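Please read it with the structure in view.

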Amino acid sequence: MTATRDRAGRHGGPGRAPQTEIVVDGVSVRAVDGISLAAVLVGERRWSLRRNPVGGDPRGPFCGMGVCFECEVTVDGRPGVRACITKIHAGMRVETAAEEEAPHDH
C-alpha cells in the first residue's frame, strides 16, 4: 500500500487523509485536517452561516476567497472570522449565527 496526499500535500495513511475533529454549534464534526472551514461547513450541508444585520436574510459562502465577508463565523470566541480562508485545526470551536432570529421591521 502507498500513502496518499491530501489536497494540502500532507501524507495520510493508505487511501486516507488525516482527520481531525471540530465543534460546530455544539456538534462534533470530523473532517480532513487543514481544509478550509467553509469546505467543512458546506460538506455538512450548512449553507447559511450568519444573518444580514439589516434585513435578516441568511448569508453564507459566496466568493470563496475572503473578499465578500458573507461567510463570517465565530471561531474559538473570536467573531468575524471568514470561514473560506480559515483552515481547521483540532479542537476548533465554531459558532454560526444562522439560527438567530431575523431583525424585525419597526
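In this report a residue is called buried when its relative accessible area is under 20%, exposed when that area is over 50%, and partly exposed in between. By that cut-off Glu-70, at 15% relative accessibility, counts as buried. The model discussed here is predicted.

**Salt bridges**

| Pair | Distance (N to O) |
|---|---|
| Glu-21 and Arg-30 | 3.8 Å |
| Asp-25 and Arg-46 | 2.9 Å |
| Arg-50 and Glu-70 | 3.0 Å |

Arg-50 lies in strand 5 and its partner Glu-70 in the loop between strand 6 and strand 7, so this pair ties together parts that are 20 residues apart in sequence. Arg-50 is buried, with a relative accessible area of 15%, and a network of salt bridges links Arg-50, Arg-59 and Glu-70.

The side chains of Asp-25 and Arg-46 also meet in a salt bridge. Because Asp-25 is in the loop between strand 3 and strand 4, while Arg-46 is in the loop between helix 1 and strand 5 (50-51), the pair ties together parts that are 21 residues apart in sequence. Asp-25 is partly exposed at 33% relative accessibility, as is Arg-46 at 26%. In the remaining tabulated pair, Glu-21 is partly exposed at 37% and Arg-30 is partly exposed at 49%.

**The nonpolar core**

The largest nonpolar core has 18 residues, and those with the most contacts inside it are Ile-22, Leu-37, Ala-83 and Val-94. Strand 3 (19-24), strand 4 (27-32), helix 1 (37-43) and strand 7 (72-75) each give two or more residues to this core, the largest share, 4 residues, coming from helix 1. Leaving aside neighbours within four places in sequence, the contacts of Ile-22 include Val-27, Val-29, Leu-37, Val-40, Ile-88, Met-92 and Val-94.

**Sheet and loops**

An open sheet of 5 strands has the order 4-3-9-7-8, with mixed pairing. Strand 4 and strand 8 are its edge strands, each pairing on one side only, and the twist averages 40 degrees from one strand to the next. Strand 7 and strand 8 run antiparallel and are joined by 3 bridges, with Val-73 standing opposite Val-81 in strand 8.

Phe-69 is placed in the loop between strand 6 (58-59) and strand 7 and is partly exposed, with a relative accessible area of 38%, whereas Asp-76 is found in the loop between strand 7 and strand 8 (78-82) and counts as partly exposed at 44%.

Methods
Residues numbered from 1 in each chain as written. Predicted model: local features only at pLDDT ≥ 70, side-chain atom pairs only at ≥ 80, totals over all residues. Heavy atoms only, no water. Core = buried A, V, L, I, M, F, W, Y, C linked by side-chain atoms within 4.5 Å. Buried < 20%, exposed > 50% of the residue type's maximum accessible area, 1.4 Å probe, protein only. Contact = heavy atoms within 4.5 Å. Pairing = 2+ DSSP bridges. Axes fitted to C-alpha atoms, helices over the stretch in contact; angles between N-to-C directions. Salt bridge = Lys/Arg side-chain N within 4 Å of Asp/Glu carboxyl O.
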